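Open the model in your viewer and keep the sequence beside it. We will go from one selection to the next.

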Amino acid sequence: MAQKVLRNVTHCIFDMDGLLLDTERLYTEATQMILDPYGKQYTFAVKEQIMGLQTRPLAEFLVKEYDLPITWEEYAAKQKENAQLLMRNAGLMPGAERLLRHLHAQKIPFCLATSSSADMFELKTTLHRELFDLFNHRVCGSSDAEVKNGKPAPDIFLVAAQRFTDIPKPESCLVFEDSPNGVTAGISAGMQVVMVPDSRLSKERCAHATQVLASLEDFKPEQFGLPPFSN
């Protein structure tokens, strides 16, 4: 496969779950808690199809996939209840804090574009408020009226870009994602996408990303025309 050309950028847009916060394993646990009474097993083959989705499409998919005798609304309520028990202590992913503090110190505009709702954002970032206050702004897809369609549609990234004070063109934005649905959304928005996928994802599921890294610790800002790390 030919090496993809990396373009210089001026703005960065970050996903949150599984990229900045170590919440994907907690979501797996929360989902399994719902399935246990029905004798069902939550597999990665199912999980990889729904990573990055907003609340309703995710809940609808799982209710149908596992033939659960509940509505999507009931599923979503159970998931939220379980998440509230688990997410409060979510830790940071490797390299996340270093990169965010570097961009802030270098005055590179960056924002958050998460499929989470605003209240779930508050819960998940309980231990990291000061760090997440460094973001220029945030778009919470499941509760933001301007985000008409969730990932893999490009809406959330286009809305996020429009909310910068100096509105950048899509090609000047660099998206950071961990899910195939999120990468598709970023590429569809006309942006470059750095993907830090779950190691269990196949290479084929990551092939549409501009760049694929094992960890944010491996990101080299200068490859996209951004100031390099000082150490």
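**Stop 1: a helix and its neighbours**

Select helix α9. Its buried residues pack against α2 (44-50), α8 (155-162), β4 and β5. Packing here rests on contact, meaning heavy atoms within 4.5 Å. Helices (H or I, at least four residues) and strands (E, at least two) are DSSP runs, numbered from the N terminus.

This is a predicted model: local features need pLDDT of at least 70, side-chain atom pairs count only at pLDDT 80 or more, and totals for chains, interfaces and linings use all residues. Residues are numbered from 1 along each chain as its sequence is written, and side-chain values use heavy atoms, with hydrogens and water left out.

Now colour residues 180-188, which make up α9. Which residues of α9 are buried? They are P180, N181, G182, V183, A185 and G186. Buried means under 20% relative accessible area, exposed over 50%, and partly exposed in between (1.4 Å probe, protein chains only). Then click on G190, which follows α9. Its phi is positive, near 85 degrees.

**Stop 2: the sheet**

Show the strands. In what order do the 6 strands of the open sheet lie? The order is β3-β2-β1-β4-β5-β6, and the pairing is parallel. At the edges are β3 (138-140) and β6 (211-212), each pairing on one side only. Two strands pair if DSSP finds at least two bridges between them.

Zoom in on β4 (residues 173-177) and β5 (residues 192-195). They run parallel and are joined by 4 bridges. Select L174: opposite it in β5 stands Q192. Next take E177, whose bridge partner in β5 is M195.

Stay on β5 and look at both faces. Each is covered. Q192 and V194 lie on one side, V193 and M195 on the other, and all are buried.

**Stop 3**

Select E177 in strand β4. Is E177 buried or exposed? E177 is buried, with a relative accessible area of 0%. Leave aside its neighbours within four places in sequence, and E177 is in contact with D15, L19, K151, F157, G182, V183, V193, V194, M195 and V196. Now draw a distance from E177 to R200. Their C-alpha atoms are separated by 15 Å, and the two residues are 23 apart along the chain.

Move to T23, in the loop between β1 (11-14) and α1 (24-35). T23 counts as buried, at 0% relative accessibility. Not counting residues up to four places away in sequence, T23 touches D17, G18, M87, A90 and K124.

**Stop 4: the whole chain**

Zoom out. The protein chain has 9 helices and 6 strands. Its C-alpha trace spans about 50 × 40 × 35 Å along the principal axes. The radius of gyration is 17 Å, which agrees with the value near 17 Å for a compact globule of 231 residues. That radius is taken over C-alpha atoms, and the globule rule is 2.2 Å times the number of residues to the power 0.38.

Of the 231 residues, 52% count as buried. Among contacts between residues at least 6 apart in sequence, 66% join residues at least 24 apart.
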